[in-house]
Amino acid sequence: QVQLVESGGGLVQPGGSLRLSCAASGSDYMFDAMGWYRQAPGKQRELVAVITSGGGTNYAGSMKGRFTISRDNGKNTVYLQMNSLRPEDTAVYYCNAYRYRVYWGQGTQVTVSS
């Protein structure tokens, strides 16, 4: 059974940085795409960034230039480096992976506040 486990969330001041990690277990194949979504209180879940097995990336507009997604195919792990964080980045961040079907992690809380 595939499981995605996120880590790296926490409390950070505006302008700070965090690095999220998501490790996939229970899979003997490489995912076609892995990515990050987020959901703020009272809002719908939204795309943050996605990366394909070939390294192609796509970012939501407000994250471009501040967030960087990367992956280690050998470890079936995806990362999200978040810089210049803003209070509006506060949300639960979910890892997502796709091959044959979509898998979701449990989420990790990111809070940006002074």
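## Exercises on a predicted model: strands, core and disulfide

In strand 10, Trp-104 is the bridge partner of Asn-96. The model is predicted: local features need pLDDT of at least 70, side-chain atom pairs count only at pLDDT 80 or more, and totals for chains, interfaces and linings use all residues. Residues are numbered from 1 along each chain as its sequence is written, and side-chain values use heavy atoms, with hydrogens and water left out.

**Exercise 1. Describe how strand 9 and strand 10 are joined.**

Step 1. Strands (E, at least two residues) are DSSP runs, numbered from the N terminus. Two strands pair if DSSP finds at least two bridges between them.

Step 2. Take the bridges. Four of them join strand 9 to strand 10 (residues 101–104), and the two strands run antiparallel.

Step 3. Look at the turn. The two strands form a hairpin with one residue between them. Tyr-100 sits in the loop between strand 9 and strand 10. Its phi is near 70°, a positive value in a residue other than glycine.

Step 4. Check exposure. Buried means under 20% relative accessible area, exposed over 50%, and partly exposed in between (1.4 Å probe, protein chains only). Tyr-100 has a relative accessible area of 64%, so this residue is exposed.

**Exercise 2. Find another residue with positive phi, Asn-76, and say whether it is buried or exposed.**

Step 1. Phi of Asn-76 is near 50°, and the residue is not glycine.

Step 2. Asn-76 lies in the loop between strand 7 and strand 8.

Step 3. Its relative accessibility is 8%, so Asn-76 counts as buried.

**Exercise 3. Give the strand order of the open sheet with four strands.**

Step 1. The order is 1-3-8-7, with antiparallel pairing.

Step 2. Strand 1 (3–7) and strand 7 are the edge strands; each pairs on one side only.

Step 3. From one strand to the next, the twist averages 15°. Here axes are lines fitted to C-alpha atoms, for helices over the stretch in contact, and angles run from 0 to 180 degrees between N-to-C directions.

Step 4. Five bridges join strand 1 to strand 3. Leu-4 has Ala-24 as its bridge partner in strand 3.

**Exercise 4. Locate the disulfide and state its handedness.**

Step 1. A disulfide is a pair of cysteine sulfur atoms within 2.5 Å. A search of the whole structure finds one.

Step 2. The disulfide joins Cys-22 to Cys-95, with S to S at 2.0 Å. Cys-22 lies in strand 3 and Cys-95 in strand 9, so the pair ties together parts that are 73 residues apart in sequence.

Step 3. The torsion about the S-S bond is about -80°, so the disulfide is left-handed.

Step 4. Both Cys-22 and Cys-95 are buried.

**Exercise 5. Name the residues that touch the most other members of the largest nonpolar core.**

Step 1. A nonpolar core is a set of buried Ala, Val, Leu, Ile, Met, Phe, Trp, Tyr and Cys residues joined through side-chain atoms within 4.5 Å.

Step 2. The largest core has 30 residues; Trp-36, Leu-80, Met-82 and Tyr-93 touch the most other members. Strands that each supply at least two residues include strand 4 (33–39), strand 5 (46–52) and strand 11 (108–112).

Step 3. Follow Met-82. Contact means heavy atoms within 4.5 Å. Not counting residues up to four places away in sequence, Met-82 touches several residues, among them Leu-18, Leu-20, Phe-67, Tyr-93 and Val-110.
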